[in-house]
Amino acid sequence: MLIDATGLQCPMPVLRLQKALRKLAEGASVTLHATDQMAVIDVPHFCNENGHAVLTQATQAGAAPGGKDLLIFDIVKGGKA
C-alpha cells in the first residue's frame, strides 16, 4: 500500500500513516511518500512509540513535484517483516 503525503505539512504525513495502519493486519507493510522534512523525525518516532518498524528510509533529491526532495519510508505494522 502506498500512502502519498507529498505536499502535506506536519503532522499530516504521520496522521495519514496512522489511519492507514489501523486498517491493516499485523505484519502488513506500507510505503509512505512525503516531502515535509519533519517526517524524517516524526515518522520514525511515531513508529517507535506505536510498535511499528521502519524497514527503510530514503531520500530522492528533487524527485517530488516542485523539485522537492521525496522522502520514502517502508514500514511494517507491528514491526514484523
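**View 1. Leu2 in strand S1.** In this predicted model, Leu2 has its place in strand S1, and with a relative accessible area of 54% it counts as exposed, because the cut-off for that class is over 50%. Once its neighbours within four places in sequence are left aside, Leu2 is in contact with Thr31 and His33. The C-alpha atoms of Leu2 and Ala20, which are 18 residues apart along the chain, are separated by 9.4 Å.

**View 2. Strand S1 and its pairing with strand S2.** Strand S1, formed by residues 2-5, has a covered face made up of Ile3 and Ala5, and an uncovered face made up of Leu2 and Asp4. In a regular strand, side chains alternate between the two faces of the sheet. Strand S2 (residues 29-34) runs parallel to S1, and 4 bridges join the two strands; within this pairing, Leu2 stands opposite Thr31 of S2.

View 3. The buried residues of H1 are Pro13, Val14, Leu17, Ala20 and Leu21. Seen down the helix axis, the buried residues of H1 fall within an arc of 125°, and therefore they line one face of the helix. The cover over these buried residues includes S1, S2, H2 and strand S4 (70-76), whereas the face of H1 turned away from the buried side carries the exposed residues Lys19 and Arg22.

**View 4. Leu8 in the loop between S1 and H1.** Leu8 lies in the loop that leads from S1 to H1 and, at 21% relative accessibility, counts as partly exposed. Apart from its neighbours within four places in sequence, Leu8 is in contact with Pro13, Arg16, Thr35 and Asp36. The C-alpha atoms of Leu8 and Asp42, 34 residues apart along the chain, are separated by 13 Å.

**View 5. Asp36, a buried residue without a salt bridge.** Asp36 has its place in the loop between S2 and helix H2 (39-50). Although Asp36 is buried, it has no salt bridge, and the nearest side chain of opposite charge, that of Lys68, is 8.3 Å away; the cut-off for such a bridge is a nitrogen-to-oxygen separation within 4 Å. With neighbours within four places in sequence left aside, the contacts of Asp36 are with Leu8, Gln9, Cys10 and Leu71.

Terms used. Residues are numbered from 1 along each chain as its sequence is written. This is a predicted model: local features need pLDDT of at least 70, side-chain atom pairs count only at pLDDT 80 or more; totals for chains, interfaces and linings use all residues. Side-chain values use heavy atoms; hydrogens and water are left out. Buried means under 20% relative accessible area, exposed over 50%, partly exposed in between (1.4 Å probe, protein chains only). Two strands pair if DSSP finds at least two bridges between them. Lys and Arg count as positive and Asp and Glu as negative; His and the chain ends are not counted. Contact means heavy atoms within 4.5 Å. The arc is that of the directions from the helix axis to the C-beta atoms.
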